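Have the structure open while you read.

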Amino acid sequence: MKLYIGNKNYSSWSMRSGVLLAAFRIPFEEVKLRFDFSPGSEWTRVIADISPTRRVPVLVENDGFTVWETLAITEYVADRHPELAIWPHDAKARARARSLCAEMHGGFLRLRTVCPMNIEVFFPDVGAKLWAEDEALRADVARLDAAWSQALKASGGPFLFGEFSAADAYFAPVAVRLSRFGLPVSENAAAYCDALLAHPAVEDWIADAMREQDFVPEDEPYRKSR
């Protein structure tokens, strides 16, 4: 399989699928397309042929079959590898994990808007200002904290449903956002973020992002240059 992704430093959606496949040691070839949406760019030329949405990530099978959108990729991979606990084995835990992933997929818009993923930089001053001024951001983080704390209490941790699952891959970019912007969370949520950031698949993604040394202005609301 090939997984087409964007810049590791910026692409939270790519991170979810890339971390998932790596965490469960599912063989795949990573194909990175730089975020460059100008006419004639590699992105423009390649993505049009593989994704009807022209977004990443996109999973491409050896026979050319494509799966796009992170939730669909997760379900496809879980179907292909029933021997792996990509979703929790318990039916209720599995339903809760899917609920949290779907909530992340369509929600937390304020957090995602004002705190875009940027792995290589820490913005504590920006985060403190946003936290003081933005009620919607505080509400998003409070909901995240409550959802995580409930799942961790039920499972005993260190990950949301005990062992690492698709839900944790889905929230890995959130842990990056919280850490880079220094947003305050409860002790349980902070410990969970630390566990996520220390997972080998997440650590590898972060290390690759740090090596990119790229700058995409459209994804940099708080910097004018590197």
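Going along the sequence, the chain runs β-α-β-α-β-β-α-α-α-α-α-α-α-α, which comes to 10 helices and four strands. Those elements are DSSP runs numbered from the N terminus, with helices being H or I of at least four residues and strands E of at least two. This is a predicted model, where local features need pLDDT of at least 70 and side-chain atom pairs count only at pLDDT 80 or more, while totals for chains, interfaces and linings use all residues. Residues are numbered from 1 along each chain as its sequence is written, and side-chain values use heavy atoms, with hydrogens and water left out.

On overall shape, the C-alpha atoms fill a box of roughly 45 × 45 × 25 Å along the principal axes. The radius of gyration is 17 Å, which agrees with the value near 17 Å for a compact globule of 226 residues; it is taken over C-alpha atoms, and the globule rule is 2.2 Å times the number of residues to the power 0.38. Of the 226 residues, 51% count as buried, meaning under 20% relative accessible area with a 1.4 Å probe, protein chains only. Take contacts (heavy atoms within 4.5 Å) between residues at least 6 apart in sequence: 69% of them join residues at least 24 apart.

Now the inside. A nonpolar core here is a set of buried Ala, Val, Leu, Ile, Met, Phe, Trp, Tyr and Cys residues joined through side-chain atoms within 4.5 Å. The largest one has 65 residues, and Leu-59, Trp-148, Leu-160 and Phe-171 touch the most other members. Helix α8 (residues 166-181) gives this core its largest share, 11 residues. Apart from it lies another core of 13 residues, including Tyr-10, Leu-33, Ile-50 and Val-216.

What does Trp-148 contact beyond its neighbours within four places in sequence? The partners are Leu-160, Phe-171, Val-174, Leu-178, Ala-189, Tyr-192 and Cys-193.

| Residue | Loop | Relative accessible area |
|---|---|---|
| Ser-41 | between β2 (29-32) and α2 (42-50) | 6% |
| Ser-165 | between α7 (135-155) and α8 | 2% |

Are they buried or exposed? Ser-41 is buried, and Ser-165 is buried as well. The side chain of Ser-41 reaches the backbone oxygen of Asp-36 at 2.5 Å. Ser-165, leaving out residues up to four places away in sequence, touches Phe-24, Ala-85, Ile-86 and Pro-88.

Note on methods. Buried < 20%, exposed > 50% of the residue type's maximum accessible area, 1.4 Å probe, protein only. Polar contact = N/O pair within 3.5 Å; in protein donor to acceptor, adjacent residues only side chain to side chain.
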